[in-house]
Amino acid sequence: KWIITVSESSKKDIAEILKVTPEKIVVTYEGSTLKPVDPRVVEKVKDAFLLTKPYFLFVGTLERKKNLIGLAQGFEQFLSKYKFDMDLVIAGKADQHYPEIKFQVLNILKNEHVVFTDYISDEELSALYQGAFAYSNASIHEGFGLPGVEAMSFGLPLIVSNIETFNEIYDNSAIYFNPLDPEDIAEKMNLLVRDPQFYAQLSEKSLK
């Protein structure tokens with residue numbers, strides 16, 4: 001009788017692909033259930049993953065549509081072109097393509113600038129959000145994008161793909177890039193790092 005989905009973007013896809021009348025589709029947004037943790041937990045988790053530098057955080061299943069290789073290429077250009085010493089932390093469970101994706105990301109960034117956490121607890125995840133500089137996601141397609149909402153609940157600015165779903169869900173709390181253009185990813189990362197006032201504005205919008 002009804003179809004419940006998580007975004008207007010998904011509603012449009014369902015209507016077009018499955019030939020369902022839009023009036024039968026109801027959009028109910030997802031929300032974060034993560035809570036802040038004690039700062040000592042943040043330091044403990046950072047120590048466990050050897051995180052001594054500021055870091056961009058990706059959270060999600062390690063699957064092809066997440067475009068982690070594109071994100072790694074953009075981050076590598078950011079490091080080499082703009083001369084910052086930062087890390088990319090990739091947190092999430094693997095799908096069947098995980099070994100290949102991890103191999104290619106490590107081949108781009110080497111071990112010194114990327115950390116794979118694999119699956120972690122909610123407390124560890126909260127600590128990673130709390131300690132991060134920003135959240136970044138270069139996905140090609142998403143139905144919603146819950147990790148970005150989780151990041152926003154911790155006041156993190158977002159640097160994400162310029163795709164319809166992310167524009168709908170994250171609105172003006174994100175910087176948007178072309179996920180297929182590593183140079184654009186690098187430029188947008190540099191924009192956030194170089195402009196503390198802009199960073200503060202995005203952080204405020206995320207919480208709002």
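A: Buried means under 20% relative accessible area, exposed over 50%, and partly exposed in between, with a 1.4 Å probe and protein chains only. The model is predicted, so local features need pLDDT of at least 70 and side-chain atom pairs count only at pLDDT 80 or more, while totals for chains, interfaces and linings use all residues. Residues are numbered from 1 along each chain as its sequence is written, and side-chain values use heavy atoms, with hydrogens and water left out.

A salt bridge is a side-chain nitrogen of Lys or Arg within 4 Å of a carboxyl oxygen of Asp or Glu; by this rule there are seven. Helices (H or I, at least four residues) and strands (E, at least two) are DSSP runs, numbered from the N terminus.

One of the pairs is Glu164 with Lys12, whose closest N and O atoms are 3.1 Å apart. Glu164 belongs to helix 7 (residues 164-170) and Lys12 to helix 1 (residues 8-18), so this pair ties together parts 152 residues apart in sequence. Glu164 is partly exposed at 47%, and Lys12 is partly exposed at 36%.

Glu100 and Arg64 form another salt bridge, 3.0 Å from N to O. Glu100 is in helix 4 (residues 98-109) and Arg64 in the loop between strand 3 (55-59) and helix 3 (68-82), so parts 36 residues apart in sequence are tied together. Glu100 is partly exposed at 38% relative accessibility; Arg64 is partly exposed at 45%.

Glu142 bridges to Lys66, with the closest N and O atoms 2.7 Å apart. Glu142 is buried at 7%, and Lys66 is buried at 9%. Finally, salt bridges with shared partners join Lys53, Asp85 and Asp87 into one network.
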